[in-house]
Amino acid sequence: MKITENTSICRKQNKDTIINRGNSVENERHGNGQSDLRMIEKDNTNTNEPTERMLEKILSRDNMNQAYLKVKRNNGAGGVDNMEIEELLEHLKTHREEILASLLKGSYKPQPVKHVEIPKEKGKTRKLGIPTLTDRVIQQATLQILSPIYEKQFSESSYGFRPNRGCHEALKRCQEYANQGYWYVIDMDLEKFFDKVNQSMLIEILSRTIKDNRVISLIHKFLNAGIMDRGIFIKSEVGVPQGGPISPLLANIMLNELDQNLDKWGYRYVRYADDIMIFTKSKRAGQRQYQRVNKFIEGKLKLKINKDKTTITTLDKVKYLGYAFYRIKDKWRFKVHPTSIRKLKDKLRVVTSRSNGMSIEGRKEKLNQIIRGWVQYFKLADMKAIMKSIDEWLRRRIRMITWKRWKKVKTKFENLQKLGVAKQKAWEWANTRKSYWHIANSWILTTTLTNARFEKQGYLSFIKYYLEVRV
């Protein structure tokens with residue numbers, strides 16, 4: 001699980017809000033610019049009401065409008081109904097009464113999720129279930145009401161898919177435990193967690209907090225909506241389909257049962273979604289704790305631990321959230337795991353391939369986007385040498401595709417002269433039969449297509465950007 005992202009939603013007057021009273025999207029009720037657009041005509045919801053009236057909070061005007069704006073901003077793919085994001089507003093305006101009435105009566109029926117497979121390492125894939133846009137709005141609205149309630153119940157050692165928490169905070173907690181002497185770890189892998197969640201148990205856990213049975217029923221319907229895979233309907237009686245807005249919260253609610261017990265037992269751990277690390281002072285202590293945790297996960301939660309991927313070892317031998325750890329002068333520090341470097345280079349190879357159809361400007365923009373995102377994520381790591389090395393490699397790739405783009409001898413000859421190469425040398429190199437990759441590292445291109453020239457053209461440098469954002 002990666003990823004992660006929580007932002008507040010602006011409620012200002014906006015033509016993208018869900019529905020208005022009358023035909024004009026510009027109607028305003030208040031002088032402060034708040035729109036009169038709504039999914040429910042009257043919004044008398046008291047936010048201090050007990051959870052017996054939770055469905056009314058979910059369907060309140062402001063909450064539904066925020067949910068719509070969030071879904072629109074995410075701009076994801078459509079579901080099985082093939083509705084595009086541009087069509088969503090009109091659909092919600094047209095079917096507002098019908099949608100609200102069915103939700104309030106309990107007759108609303110979510111559509112099956114669209115099955116999508118995302119490539120992983122070693123040829124494996126991760127299954128995603130993409131709900132329809134309408135179902136995503138309803139799930140998002142439900143998430144917005146449930147999240148603050150469950151945040152009060154979640155453990156301090158849980159970091160995935162939570163407001164103001166993320167990978168960096170999880171990694172720093174790992175470092176803190178290691179520096180306290182707990183640098184033996186149980187690196188635990190739950191086997192196909194999202195696919196194997198026991199829905200009955202999840203519903204029972206939800207029912208302890210949510211006292212509005214209509215909301216429980218609605219969540220159960222989302223879980224049981226089924227999957228449409230290449231036109232074939234598949235029942236979903238087990239698991240939580242990844243891809244919907246509410247799925248990460250449901251995963252956290254399920255695994256919060258484990259967190260509460262780990263806290264009660266006094267274990268030091270870090271959990272990011274289903275990635276769990278438990279810290280001990282010795283391998284023997286790790287084995288003892290593992291037996292207890294394994295018994296709870298497989299016995300109480302009805303989940304399965306992947307024994308092949310779960311290890312009890314020292315911190316410097318594990319990969320966590322793309323990072324690796326090393327110790328220097330009795331202090332633990334971060335570095336980038338070699339697998340993360342390989343994935344980065346694979347991504348850069350795709351962008352710097354001439355067969356991808358990108359324009360020069362498009363390629364530059366995409367490269368800069370990758371550099372910013374990757375460095376921001378890995379900025380906790382000590383990686384000056386790696387950044388310099390990748391910069392050199394990437395510049396060589398750019399020189400190579402530039403040389404390829406010139407194609408003809410005449411074009412190479414003319415461009416080399418424009419770059420200041422003497423006529424005789426320019427003609428000599430224009431006619432060379434050496435490989436593109438070899439030429440990219442030759443003095444003829446390194447002294448003409450210089451790093452300074454690339455920087456002037458707007459290409460970002462890994463090392464310079466890293467030094468700017470280094471924590």
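Here is a colleague's note on some spots in this predicted model, point by point.

1. Ground rules. Residues are numbered from 1 along each chain as its sequence is written, and because the model is predicted, local features need pLDDT of at least 70, side-chain atom pairs count only at pLDDT 80 or more, and totals for chains, interfaces and linings use all residues. Side-chain values use heavy atoms, with hydrogens and water left out.

2. Let's start with the loop between helix 5 (133-151) and helix 6 (167-179), where you'll find Ser157. Ser157 is buried at a relative accessible area of 6%. The scale goes like this: buried is under 20% relative accessible area, exposed is over 50%, and partly exposed is in between, using a 1.4 Å probe and protein chains only. Setting aside residues up to four places away in sequence, Ser157 touches Arg173, Tyr177, Tyr269, Val270 and Arg271; a contact means heavy atoms within 4.5 Å.

3. Phe161 sits between helix 5 and helix 6 and has a positive phi of about 55 degrees, although it is not a glycine. Phe161 is partly exposed, with a relative accessible area of 24%. Arg162, in the loop between helix 5 and helix 6, is buried at 3%. Take a look at Glu151 as well: Arg162 and Glu151 are eleven residues apart in sequence and 7.8 Å apart in space, C-alpha to C-alpha.

4. Now for Asn256, in helix 10 (residues 247-265). Asn256 counts as buried at 5% relative accessibility. Apart from neighbours within four places in sequence, Asn256 is in contact with Gln153, Phe154, Ser155 and Arg271. Remember that Arg271 is also one of the residues that Ser157 touches.

5. Next, the aromatic rings. A pair of rings is described by the distance of the centres and the angle of the planes. How many aromatic pairs does a search of the whole structure find? There are 19. Rings of Phe, Tyr and Trp (its six-membered ring) pair if their centres lie within 6.5 Å; planes under 30 degrees apart are stacked, over 60 edge-to-face, and the rest tilted. Tyr323 and Phe334 have ring centres 5.7 Å apart and planes at 75 degrees, so this pair is edge-to-face. The pair links distant parts of the chain, eleven residues apart, with Tyr323 in strand 9 (residues 323-328) and Phe334 in strand 10 (residues 331-336). Tyr323 is buried at 0%, and Phe334 is buried at 4%.

6. A second pair to look at is Trp429 and Trp443, with ring centres 6.2 Å apart and planes at 90 degrees, so this pair is edge-to-face. Trp429 lies in helix 16 (residues 423-430) and Trp443 in helix 18 (residues 443-446), so parts 14 residues apart in sequence are tied together. Is each Trp buried or partly exposed? Trp429 is buried at 11%, whereas Trp443 is partly exposed at 47%.

7. Ring pairs also build a cluster, made of Tyr323, Phe325, Phe334, Trp374, Tyr377, Phe378 and Phe462. Charges get involved with rings too: the charged end of Arg165 sits over the ring of Tyr159, 4.8 Å from its centre. Likewise, the charged end of Lys364 sits over the ring of Tyr459, 5.9 Å from its centre. To count, NZ of Lys or CZ of Arg must be within 6 Å of the ring centre and within 35 degrees of the ring normal.

8. Arg363 belongs to helix 13 (residues 360-378) and is buried at 7% relative accessibility. Arg363 and Tyr459 are 96 residues apart in sequence, yet 9.9 Å apart in space, C-alpha to C-alpha. Not counting residues up to four places away in sequence, Arg363 touches residues including Val351, Thr352, Met358 and Ile401.

9. Finally, Leu321, in the loop between strand 8 (311-314) and strand 9. Leu321 has a phi near 55 degrees, a positive value in a residue other than glycine. At 7% relative accessibility, Leu321 counts as buried.

Technical notes. Helix = DSSP H or I, 4+ residues; strand = E, 2+ residues; numbered from the N terminus.
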